[in-house]
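This report describes selected local features of one protein chain.

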Amino acid sequence: MNIKMVDLVGQYLKIKDEVDTQMQNVINTSQFIAGAKCKEFSANLGHYTGVEHCITCANGTDALQIALMALGLERGDEVIVPAFTYIATAEVIALLGLVPVLVDVEWDTFNIDPSKIEEAISPRTRAIVPVHLFGQCANMEAILKIARKHNLFVVEDNAQALGAQWKGVLEGKENPKSGTMGHIGCTSFFPSKNLGCFGDGGAMFTNDAELAGRLHCIANHGQKVKYHHSMVGCNSRLDTIQAAVLDVKLKYLDEYIASRQSAAAYYLENLAGMEGVELPVTAEYTTHAYHQFTVKVADGKRDALKEFLAKRDIPSMVYYPLPLHHQEAYRDMAKIVGGLENSEELSGRVLSLPMHTELSEEQLHYICKGIKAFYR
């Protein structure tokens with residue numbers, strides 16, 4: 001079957017001529033840093049997301065860090081994050097001398113539970129960072145309501161959900177894209193992402209012109225005018241070659257998402273009703289871009305199923321084996337509010353199946369057959 005968790009080669013071969021031409025064009029101009037293609041891609045991505053300002057940077061982690069730097073937070077300020085997420089969400093908070101405040105996630109969606117946020121708010125709370133985990137939007141309507149009530153910033157971690165949409169009107173916008181609903185949205189172009197480059201890359205979104213100026217300035221050594229540095233910044237730029245690759249792939253992003261949704265529909269239909277395997281649920285207020293297709297395996301059989309599938313050449317991954325409060329680096333740093341039962345339980349149950357744009361029906365059938373064989 002030659003099944004892969006992510007088939008980047010197959011995806012590349014379908015657009016090889018376009019990608020190679022655009023990469024060669026960059027080489028021909030030798031504008032490797034801040035070339036014209038960077039501005040062109042930023043404009044095209046801004047148009048796709050419907051946001052007024054799109055600022056590219058070196059990677060998704062930098063995007064989160066720069067976003068928090070732009071908000072003017074002070075050391076000791078608290079930022080609320082879900083306990084079940086990739087480490088980068090909390091990492092940038094810690095690096096800036098802020099305090100990550102961990103709250104539990106919803107069992108069905110894996111996303112931050114809005115009902116747990118308000119009790120975590122203290123006089124030092126300045127921001128909420130909802131993560132659109134695995135490809136669907138967190139409950140932004142509820143989160144933004146809380147943020148307005150308590151005058152908090154909202155920074156969306158949209159690394160896994162680019163292209164997903166809120167269903168209906170939110171903040172006066174019809175069906176807004178994920179990453180465009182808070183004060184700042186952040187995304188990653190890591191190769192395996194729904195929109196991935198051939199290395200590292202990231203971007204930030206905002207509809208606030210003043211914030212956009214700060215984001216751009218911080219990402220460029222804190223300078224608005226060359227060699228004149230008005231604030232402390234960092235060096236975080238998207239390479240022109242990566243922008244060229246992304247600009248080609250952006251044209252196919254909706255097609256890529258449709259392919260992922262088709263694969264997910266196959267899984268959902270063919271694994272329905274299996275005792276011991278709980279399938280992912282899409283909340284009624286969002287579409288799902290299916291960066292991952294993550295099931296929950298009951299009765300402590302997750303690792304055994306993973307090993308069983310591996311022997312049949314079916315890859316799978318655990319995202320994530322430890323919640324943030326069990327990570328050694330954050331045990332004494334993070335502030336925990338309320339119970340984190342879902343985050344802890346999910347870490348022991350989640351298993352992500354192969355999910356990418358090149359999955360064939362034959363491969364999907366083989367994967368489902370393998371899972372069913374484990375439970376016979």
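## A buried strand residue

Phe205 is buried, with a relative accessible area of 1% (buried means under 20% relative accessible area, exposed over 50%, partly exposed in between, with a 1.4 Å probe and protein chains only). The model is predicted: local features need pLDDT of at least 70, side-chain atom pairs count only at pLDDT 80 or more, and totals for chains, interfaces and linings use all residues. Residues are numbered from 1 along each chain as its sequence is written, and side-chain values use heavy atoms, with hydrogens and water left out.

Phe205 belongs to strand β9 (residues 202-206); helices (H or I, at least four residues) and strands (E, at least two) are DSSP runs, numbered from the N terminus. Cys54 is 151 residues from Phe205 in sequence, but their C-alpha atoms are 4.7 Å apart. Beyond neighbours within four places in sequence, the contacts of Phe205 (heavy atoms within 4.5 Å) include Leu45, Val51, Cys54, Leu162 and His183.

## Backbone angles

Most residues other than glycine have a negative phi, and most peptide bonds are trans. Glu171, not a glycine, has a positive phi of about 55°. Glu171 lies in the loop between β6 (169-170) and β7 (173-174) and is partly exposed, at 48% relative accessible area.

Tyr227 also is not a glycine and has a positive phi, of about 70°. Its loop runs between β10 (223-225) and β11 (228-229), and Tyr227 is exposed at 65% relative accessibility. The peptide bond from Tyr319 to Tyr320 is cis, with omega near 15°.

## Helix α2

The 14 residues of helix α2 (residues 16-29) should span 20 Å at 1.5 Å a residue, and the end C-alpha atoms are 20 Å apart, which agrees. The expected span is 1.5 Å times one less than the number of residues. Ser30 follows α2 and has a positive phi, near 60°.

## Aromatic rings

The structure holds 14 aromatic pairs (rings of Phe, Tyr and Trp, the last by its six-membered ring, with centres within 6.5 Å; planes under 30 degrees apart count as stacked, over 60 as edge-to-face and the rest as tilted). Phe110 and Phe134 have ring centres 5.0 Å apart and planes at 75°, so the pair is edge-to-face. Phe110 is buried at 3% relative accessible area, and Phe134 is buried at 2%.

Phe110 and Phe134 form one aromatic cluster with Phe84, Tyr86, Tyr319 and Tyr320.
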